[in-house]
Amino acid sequence: MQSMRKICKHYPNCPMKRFWLQGKLDKEWIKNYCWNEHKNCKRYEAEEKGIPHPDNMLPDGTINKKL
Ligand code: SF4
């Protein structure tokens, strides 16, 4: 079981969660970032700084044009 406090605060509204639930994104992204205290997540950093970023930007900062 994942501890709730390790889950990123943006998880409920993050497009990464949506893409994963839709079967479009590998669970590893969710496990390594969203359920891992948003460690090194570029999406999280952009959110915190108020920097606009597209929905299809992955947690490592790369763009996935298939999303
Ligand atoms: S992708 Fe990043 S910002 Fe979105 S829920 Fe996961 S860790 Fe948080």
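**Pocket, ligand and salt bridges**

The largest pocket of this predicted model has a volume of about 160 Å³.

Trainee: Which residues that line the largest pocket are the closest to its centre?
Mentor: The lining comprises 16 residues. By class they divide into 10 nonpolar, four polar and two charged. The closest to the centre are C8, H10, C14, R43 and E47.

Trainee: Which helix gives the most to the lining of the largest pocket?
Mentor: Three helices, α1 (15-21), α2 and α3, each supply at least two residues. One of them supplies three, the most. That helix is α3.

Trainee: Where does the ligand sit, and which helices each supply at least two residues of the shell around it?
Mentor: The ligand sits in the largest pocket. Its shell divides into nine nonpolar residues, two polar and one charged. Among the residues around the ligand are Y11, M16, H38 and P59. The helices that each supply at least two shell residues are α2 (27-34) and α3 (42-49).

Trainee: How many residues apart in sequence are the parts that E48 and K9 tie together?
Mentor: E48 and K9 form a salt bridge, with the closest N and O atoms 3.2 Å apart. E48 lies in helix α3 and K9 in the segment before α1, so the pair ties together parts whose separation in sequence is 39 residues.

Trainee: In which helix do E28 and K31 both lie?
Mentor: Their side chains meet in a salt bridge, 3.1 Å from N to O. The two residues are three apart, about one turn of the helix. Both lie in α2.

Terms used:
Residues numbered from 1 in each chain as written. Predicted model: local features only at pLDDT ≥ 70, side-chain atom pairs only at ≥ 80, totals over all residues. Heavy atoms only, no water. Near = heavy atom within 4 Å. 1 Å grid on protein atoms, 1.4 Å probe; cavity = no way out; pocket = protein on both sides within 12 Å on 5 of 7 lines; lining within 4 Å. Sits in = over half its atoms within 2 Å of the grid points. Helix = DSSP H or I, 4+ residues; strand = E, 2+ residues; numbered from the N terminus. Nonpolar A, V, L, I, M, F, W, Y, C, P; charged D, E, K, R; others polar. Points joined across faces, edges and corners; volume = space filled by probe spheres on them. Salt bridge = Lys/Arg side-chain N within 4 Å of Asp/Glu carboxyl O.
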